[in-house]
Amino acid sequence: MKPCHPLSFSCLLALVVFTGLSEVTAQPKGYLYDESKVAPYELPDLLKCLDGTKVANAETWTGKRRPEVLRLFEDEVYGRSPAKPKALRFEVVEESPDALSGKAHRRQVVIRLGKGKKALSVNLLVYLPRKAKAPVPGFLTINFMGNHTVNPDPAILIPTSWIRNGNGIKDNKANAAGRGSRSSRWAVDAIIDRGYAFATVYYGDIDPDFHDGYENGIHPLFPPADPKKRKPTDWASIAGWAWGLSRCLDYLETDDGLDAKRVAVMGHSRLGKTALWAGASDERFALVISNNSGCGGAALSRRRFGETVKRINTSFPHWFCDNYKKYNDKEDECPVDQHMLIALSAPRPVYVASAVGDRWADPKGEFLSALGAEPVYKLFGYAFGASSQPPVDQPVHGRIGYHVRTGKHDVTAYDWGQYLDFADKHLK
Ligand code: GCU
């Protein structure tokens with residue numbers, strides 16, 4: 001391949017794309033944004049087992065079809081993750097009963113993973129409503145820029161792990177100027193005021209978000225020690241982040257301020273994909289929320305609307321297992337589509353949120369995927385409540401929740417308002 005001039009537009013674009021520098025979703029040219037041009041497609045049958053058995057009841061789903069769908073997602077999409085490790089320790093490194101102007105109790109916990117030079121320290125920030133008498137339900141979230149960016153609270157520890165450059169970050173090191181810089185995305189006050197705990201973890205503490213050949217972060221702590229020996233079904237970064245969320249839940253199970261049986265897992269964009277995979281692979285999560293998760297998250301891949309499988313595998317080769325690359329430009333050959341991922345949360349409540357301006361993530365494809373999961377909810381006697389995509393800013397809250405809001409790719413107070421109402425219905 002001829003090297004491009006370092007200052008040419010395409011070279012800069014390639015740099016942004018290949019290093020994953022950009023977290024903000026634009027609408028790259030050359031992709032499909034016209035609904036009338038979506039080619040006909042056929043979704044894999046959620047209710048037909050690999051041996052042809054029809055799934056006619058909840059027992060067959062739970063005992064037979066669900067395990068095989070889960071295995072297909074592991075082997076073909078996200079990769080297989082290790083079990084809960086033995087080398088896992090929790091240390092409360094900081095706490096205060098008087099946080100957030102006195103309304104919350106703050107705990108900061110280090111989750112220690114692995115041994116030796118590459119051992120990891122994952123920092124979990126937890127706020128508990130101070131007024132609560134009994135253990136409360138809560139939201140476990142995963143953030144892009146460090147726990148200190150979710151709220152201006154000056155006591156939040158600043159990460160020392162890799163962080164994306166840009167937005168005031170140089171040399172991949174977080175700094176105090178970032179305090180509270182992402183607070184618009186995290187309705188911490190509203191969450192505490194409604195009587196929920198709020199917990200968050202920085203994804204870079206678990207695995208850095210660039211293609212490092214799986215040399216850093218969580219992967220080298222587990223076999224295969226030599227990345228060259230990886231199999232096409234081995235876990236990649238999304239599975240790593242999701243696995244990290246399960247380790248956070250392991251800690252929350254030991255925290256008596258919180259009821260770990262009533263924890264919602266939530267993430268945005270690539271971390272919305274992560275939240276869906278965390279909810280699918282760990283049934284301890286009581287409720288699952290995907291915010292603008294798009295391709296490889298809630299959106300149906302077979303629609304090829306906005307981001308495609310080939311594009312995501314090319315821009316972010318470290319997100320999915322190597323087998324997923326088989327489906328570049330061959331979405332129809334994949335034995336799963338993303339409605340089956342949502343169905344893996346059943347019968348637990350699941351929420352899919354879209355934004356009308358976020359066409360790269362295919363809002364309609366996100367809705368159709370939620371709708372496509374409904375047959376499994378019906379086996380358990382639950383309904384979605386929508387049969388076609390609801391109008392903008394008109395949420396539907398059945399056992400499956402969905403809204404498409406005004407605005408762009410982001411997490412807003414409006415989104416949190418819906419998640420809180422939905423959680424009130426299902427977790428209280
Ligand atoms: C890119 C990527 C999306 C992803 C988003 C994000 O736009 O193409 O798949 O969801 O980044 O995580 O912000």
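The bend at a residue is taken as the angle between two axes, one fitted to the seven residues ending there and the other to the seven starting there, and helices are DSSP runs (H or I, at least four residues) numbered from the N terminus. The model is predicted, so that local features need pLDDT of at least 70 and side-chain atom pairs count only at pLDDT 80 or more, whereas totals for chains, interfaces and linings use all residues. Residues are numbered from 1 along each chain as its sequence is written, and side-chain values use heavy atoms, with hydrogens and water left out.

In H2, a kink of about 45° lies at arginine 65, shortly before proline 67. Helix H2 comprises residues 58–78 and spans only 25 Å between its end C-alpha atoms, whereas a straight helix of 21 residues would span 30 Å, the expected span being 1.5 Å times one less than the number of residues. Glycine 79, which follows H2, has a positive phi near 95°.

Five cavities of 30 Å³ or more are present in the structure, a cavity being a set of points, on a 1 Å grid over the protein atoms alone, where a 1.4 Å probe fits but cannot get out, with lining residues having an atom within 4 Å of a point. Grid points are joined across faces, edges and corners, and the volume is the space filled by probe spheres set on the points. The largest cavity has a volume of about 60 Å³, and its lining includes Tyr214, His219, Arg230 and Trp235. The second largest cavity holds about 50 Å³, with Cys295, Arg304, Glu307 and Asp362 among its lining residues.

Key. On a 1 Å grid over the protein atoms alone, a cavity is a set of points where a 1.4 Å probe fits but cannot get out, and a pocket is an open set with protein on both sides within 12 Å along at least five of seven lines; lining residues have an atom within 4 Å of a point. Helices (H or I, at least four residues) and strands (E, at least two) are DSSP runs, numbered from the N terminus.
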